[in-house]
There are 2 protein chains.
Amino acid sequence: MRTSARNAELALLLEVAGTPKPGNVDRRRDLPDLHFDHFLAGAVGAVDGLRAAEDGAPVGEAFERGVRGMAADHGRNTQFGALLLLVPLVRAASEDALSPGGTERVVEATTMDDAAEFYRAFEHCEVFVDEPPEDAPELDVRRGSEAIPDLERHGLTLADVMRMSEAGDDVAREWTHGFERSFRAAERIADLDGPLSERGARTFLDLLAAYPDTLVATKHGEGAARRAGERAKRARDADDPSAAVEALADEFVEEGINPGTTADIVAAGLFVALERGVEP
Amino acid sequence: MRTSARNAELALLLEVAGTPKPGNVDRRRDLPDLHFDHFLAGAVGAVDGLRAAEDGAPVGEAFERGVRGMAADHGRNTQFGALLLLVPLVRAASEDALSPGGTERVVEATTMDDAAEFYRAFEHCEVFVDEPPEDAPELDVRRGSEAIPDLERHGLTLADVMRMSEAGDDVAREWTHGFERSFRAAERIADLDGPLSERGARTFLDLLAAYPDTLVATKHGEGAARRAGERAKRARDADDPSAAVEALADEFVEEGINPGTTADIVAAGLFVALERGVEP
């Protein structure tokens with residue numbers, strides 16, 4: 001029986017192995033600056049943070065530790081968003097409460113210290129994020145620990161920080177909506193047949209077809225994200241979906257369309273599925 | 001800084017990711033009963049055993065625990081041989097003695113208890129092995145723990161067991177020859193350029209061209225193993241090695257030629273390279 005931390009690590013590995021996953025690193029494709037190997041090293045490096053979450057460390061501290069380990073080799077961001085979903089899920093699982101309600105309790109229990117650790121995590125690697133709120137530029141996550149005094153002045157918990165970001169970031173939206181899409185992804189994964197990484201890739205496509213990816217929206221605008229989702233849907237529903245999705249994967253890599261948030265949610269879904277006894 | 005147990009886990013992951021690796025599961029190929037995902041789960045499952053080796057547990061106990069974790073999902077044998085190399089290497093590294101002499105000390109310090117745990121490990125999954133010595137059929141490893149009283153009657157340590165097998169099994173030969181090829185593979189990996197998994201695949205081909213794979217010999221005979229090595233050498237030295245090696249990979253899968261021992265030694269070489277600071 002794998003512990004929750006190990007299931008989370010395995011979920012990260014199965015996520016990246018799933019192919020075709022248009023626009024993302026997968027078993028068949030690398031990106032110009034990100035190689036499959038970096039994801040393997042990132043998953044192995046993150047485990048101490050995941051284990052901290054399992055052992056009851058504060059969520060922010062466990063996340064910061066996971067990101068630090070993930071980025072230890074070269075400061076690459078391979079699984080920042082996925083870890084931001086997995087850490088509270090591992091915590092909920094360790095409390096035998098891996099459910100929407102259980103994750104809501106984990107989220108609402110976060111403190112200002114958790115928010116401070118979350119900001120510190122941005123110092124370990126580059127994270128592509130939206131501009132901060134116009135009325136609170138001092139809360140820019142890219143300031144890292146320099147923003148902590150401002151965070152404390154505003155009295156913000158990590159849950160508050162996520163509420164501030166939920167409109168433009170579907171990882172934050174999971175935090176504030178009981179991990180709705182993560183749990184739905186887990187159900188989809190459990191219903192499908194075949195190797196788990198392939199079920200993850202199929203679920204990736206379904207999610208991308210249903211919800212414009214917010215990382216794509218941040219980088220290329222909401223129109224581009226919506227169009228990417230429509231193309232995913234067309235490829236999935238094509239007469240020869242296999243060829244269409246492979247072609248789309250090449251196009252997205254070419255165009256720099258990288259639906260990373262969707263991949264993060266698939267990793268979360270794989271974790272929940274593994275916890276529920278789906279076997280690799 | 002990764003611990004030795006984590007480097008060993010990462011070595012298992014990088015090994016399976018390397019492609020093309022004719023006849024083996026790799027980033028592009030699965031075998032009929034073994035999928036890439038099973039290797040990911042095997043590596044994650046083995047970590048408790050690797051950590052036990054790092055923390056000073058007896059080598060046999062750490063190995064048995066690693067194999068048990070590796071096989072926990074479905075009793076599949078994904079990395080039995082690789083773990084048999086990695087456990088003593090992790091132990092030597094934890095004693096700051098990751099050298100041929102250091103591994104010899106680890107091997108010579110093994111006891112009858114280590115031998116008994118080694119036999120127990122065979123109960124967790126199917127391992128393809130040669131027939132036992134004609135004069136000692138009771139020492140057949142496939143008997144698992146039933147053979148332990150006979151082991152004890154013979155007074156055999158795990159080092160003794162490896163000496164009995166070295167002629168037909170190059171994993172055992174590493175144990176009795178200061179991990180000679182594992183260290184040489186590590187040097188080769190350090191000298192090459194590119195992503196570590198690709199360097200592993202290239203080293204796999206060099207090893208296979210130089211030494212007939214003993215798992216292939218056990219399954220198909222020594223002639224078949226020698227011919228497989230010659231074909232690997234020809235493909236590597238072809239005018240278009242990339243196409244030739246890809247073609248050979250398809251042929252080997254078709255013919256059931258699975259050079260698993262060579263892959264085990266690559267995993268050991270990747271571990272040593274990571275310990276020496278080669279970065280993924």
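**Close-up views of the A–B pair**

**View 1. The interface between chain B and chain A.** About 2,700 Å² is buried between chain B and chain A, with carbon and sulfur atoms giving 50% of that area; buried area is the accessible area (1.4 Å probe) that two parts lose on being put together, summed over both. In chain B, the residues that lose the most area to chain A are Arg6(B), Arg27(B) and Val44(B), together 25% of what that side buries. Contact (heavy atoms within 4.5 Å) links 31 residues of chain B with 31 residues of chain A. This is a predicted model, in which local features need pLDDT of at least 70 and side-chain atom pairs count only at pLDDT 80 or more, while totals for chains, interfaces and linings use all residues. Residues are numbered from 1 along each chain as its sequence is written, chains are lettered from A and ligands numbered from 1 in the order in which they are written, and side-chain values use heavy atoms, with hydrogens and water left out.

View 2. Six salt bridges are found between chain B and chain A, each a side-chain nitrogen of Lys or Arg within 4 Å of a carboxyl oxygen of Asp or Glu. One of them pairs Asp30(A) with Arg27(B), whose closest N and O atoms are 3.0 Å apart. Helices H1 (4–17), H2 (36–54) and H11 (196–210) of chain B each supply at least two residues of the side that touches chain A; helices here are DSSP runs (H or I, at least four residues), numbered from the N terminus. H2(B) brings the largest share, nine residues.

**View 3. Backbone details in the loops.** The peptide bond from Thr19(A) to Pro20(A) is cis, with omega near -5°, and Pro20(A) sits in the loop between H1 and H2 of chain A. In chain B, a cis peptide bond joins Thr19(B) and Pro20(B), with omega about -5°. Asp96(B) has a positive phi of about 60° although it is not a glycine; its place is the loop between H4 (80–94) and H5 (100–108) of chain B.
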